[in-house]
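Visitor: I'm new to this one, so please pick a single part and take me through it slowly.

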Amino acid sequence: MSFTLPDLPYSYDALEPHFDSQTMEIHHSRHHNLYITNLNNAIEGTNMENASIEEICKNHSENIAVRNNGGGHYNHSLFWNIISPNGGGDPNGKVAELINSTFNDFDSFKSKFSTAAMTRFGSGWAWLCQIDDHLEICSTANQDNPLMPGICNDQSNPIIGIDVWEHAYYLKYQNKRAEYIDAFFNVVDWNKVNERIS
Ligand code: MN3
């Protein structure tokens with residue numbers, strides 16, 4: 001079995017003006033696609049060929065090609081699915097309850113999450129993870145993610161991830177990562193986030 005690039009559940013221009021069409025197209029069709037090609041090459045002929053992408057991240061991150069490209073595939077698949085043209089606004093449902101019980105209120109959460117995304121030096125990701133009945137924020141380098149052992153809390157269930165590689169924002173926002181993070185909150189789809197809570 002090999003991995004294939006998942007279609008986006010919306011068009012490349014659907015997140016305008018927050019995420020621009022050109023960035024979305026290059027990010028999905030070139031960057032994400034290359035991680036998949038490289039992942040398939042790295043697992044060909046190994047016992048990873050029949051594993052899920054979650055199992056690969058959890059159990060095979062000691063292999064650097066698998067770690068970088070498996071993480072790249074998992075992370076981008078999650079990212080595309082928790083943003084949408086229906087995003088933005090205040091959280092609702094279970095995630096709203098967990099944000100309020102963990103961080104007191106949405107603004108406090110937003111501030112802590114934005115700081116994690118701003119202070120990740122170089123390329124990487126910031127995450128909101130569910131661990132049982134509370135939430136934790138962490139950030140990871142490169143294409144690492146919280147499923148990989150010893151990175152965040154090993155029990156983490158990632159429910160939000162933001163890509164802070166420059167390829168995610170440079171065409172529209174240049175070096176202004178803070179503006180890109182603000183824009184992310186206009187596209188994050190709380191209904192999709194709620195679907196990830198276990
Ligand atoms: Mn990316």
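Visitor: By the salt-bridge rule, how many salt bridges does the count come to?

Guide: The count comes to one salt bridge, the term being used for a side-chain nitrogen of Lys or Arg within 4 Å of a carboxyl oxygen of Asp or Glu. Before we zoom in, this is a predicted model, where local features need pLDDT of at least 70 and side-chain atom pairs count only at pLDDT 80 or more, while totals for chains, interfaces and linings use all residues. Residues are numbered from 1 along each chain as its sequence is written, and side-chain values use heavy atoms, with hydrogens and water left out.

The partners are Asp144 and Arg67, whose side chains meet at 2.8 Å, N to O. Arg67 belongs to helix H3 (residues 64-81) and Asp144 to the loop between strand E2 (134-141) and E3, so this pair ties together parts 77 residues apart in sequence. Helices (H or I, at least four residues) and strands (E, at least two) are DSSP runs, numbered from the N terminus. Both Asp144 and Arg67 are buried, meaning under 20% relative accessible area (1.4 Å probe, protein chains only).

Stay on helix H3, and you'll also find Asn69 there. Asn69 counts as buried because its relative accessibility is 11%. A polar atom of the Asn69 side chain lies 2.9 Å from the backbone oxygen of Ala65. Leaving aside residues up to four places away in sequence, Asn69 touches Leu34, Tyr35, Asn38 and Leu39, where contact means heavy atoms within 4.5 Å.

Note on methods. Buried means under 20% relative accessible area, exposed over 50%, partly exposed in between (1.4 Å probe, protein chains only). A polar contact is a pair of N or O atoms within 3.5 Å; within protein, one must be able to donate a hydrogen and the other to accept it, and residues adjacent in sequence count only if both atoms are side-chain atoms.
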